[in-house]
Amino acid sequence: MIKTLRDAEELVRTRHVITEVPTHGPTSLVEQVMGGRPAGSWRDHAKGRLAYRLGRMLRASKDVLAVRLVEGKVAFVDPTLWPAVYRVAMEPARRRPSLQGLSPDARALLSTVERDKRVRLDKEGPWTKAREALEERLLVHFSEAQEEDGHHVAVLRSWRDWASVTLKADAARLSYEDAQARLRAACDGAPTGLGPWVF
């Protein structure tokens, strides 16, 4: 049973990839907190608030990467797979189609992130839809941070700014196909796909 952030981080280290909510792939944070797959809405479960809070904490953890990787749902990824995620995120053949259909706001936000390298936004506000579109398409690195007043904000970074020199070098040694294969294997084969923007 997962009760603390340390428990949740250890689960990610052990499994390499977990999703936030139940999918057809790897185990989820929600299932591990609740001791099984909830019958109804997990948010209505007695431990729903704990699962939600731990999900927020994992998003802010420097030891975990939160990325939409399984069925387009948020997954928490161990550092051993960060080069594979970076390789997939930066693949030109994947990025080009991901840019198609973006709203003007999303394109403007992406340009700002690429120029400034890091942008902090309120989680809910006029840029929410644009942020979510970039996050879903793996066009930016997304995390959360807690401000001094206690409220959480979204932090968008360019993938190049996020990745260390060592991580980039490790990613460069992977082919796109190898990176995809590593992620699929860690996601229990991802039977319904890694996500609509990960080909």
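The following legends describe close-up views of a predicted model. Local features are reported at pLDDT of at least 70 and side-chain atom pairs only at pLDDT 80 or more, while totals for chains, interfaces and linings use all residues. Residues are numbered from 1 along each chain as its sequence is written, and side-chain values use heavy atoms, with hydrogens and water left out.

View 1. Val 70 lies in strand β2 (residues 65-70); strands (E, at least two residues) and helices (H or I, at least four) are DSSP runs numbered from the N terminus. Val 70 has a relative accessible area of 1% and is therefore buried (under 20%; exposed is over 50% and partly exposed in between, with a 1.4 Å probe and protein chains only). Leaving aside residues up to four places away in sequence, Val 70 is in contact with Thr 19, Thr 23, Gly 25, Pro 26, Ala 75, Cys 187, Gly 193 and Leu 194, where contact means heavy atoms within 4.5 Å. The C-alpha atom of Trp 159, 89 residues apart from Val 70 along the chain, is separated from that of Val 70 by 19 Å.

**View 2. Strand β6 and its two partners.** Of the 6 residues in strand β6 (residues 152-157), 5 are buried. Strand β4 (residues 118-122) runs antiparallel to β6 and is joined to it by 5 bridges; pairing requires at least two DSSP bridges between two strands. Within this pair, Asp 122 stands opposite Val 153. Strand β5 (residues 141-146) also pairs with β6 in the antiparallel sense, over 6 bridges, and His 141 has Arg 157 of β6 as its bridge partner. The β5 and β6 hairpin has 5 residues between the strands, and Gly 150 takes a positive phi near 100° there.

**View 3. Thr 27 in the loop between β1 and α2.** Thr 27 belongs to the loop between β1 (17-19) and α2 (29-34). Its relative accessibility is 15%, so Thr 27 counts as buried. The side chains of Thr 27 and Gln 32 form a polar contact of 2.9 Å (a pair of N or O atoms within 3.5 Å; within protein, one must be able to donate a hydrogen and the other to accept it, and residues adjacent in sequence count only if both atoms are side-chain atoms). Beyond residues up to four places away in sequence, Thr 27 touches Arg 15, Ile 18, Thr 19, Gln 32 and Asp 188.
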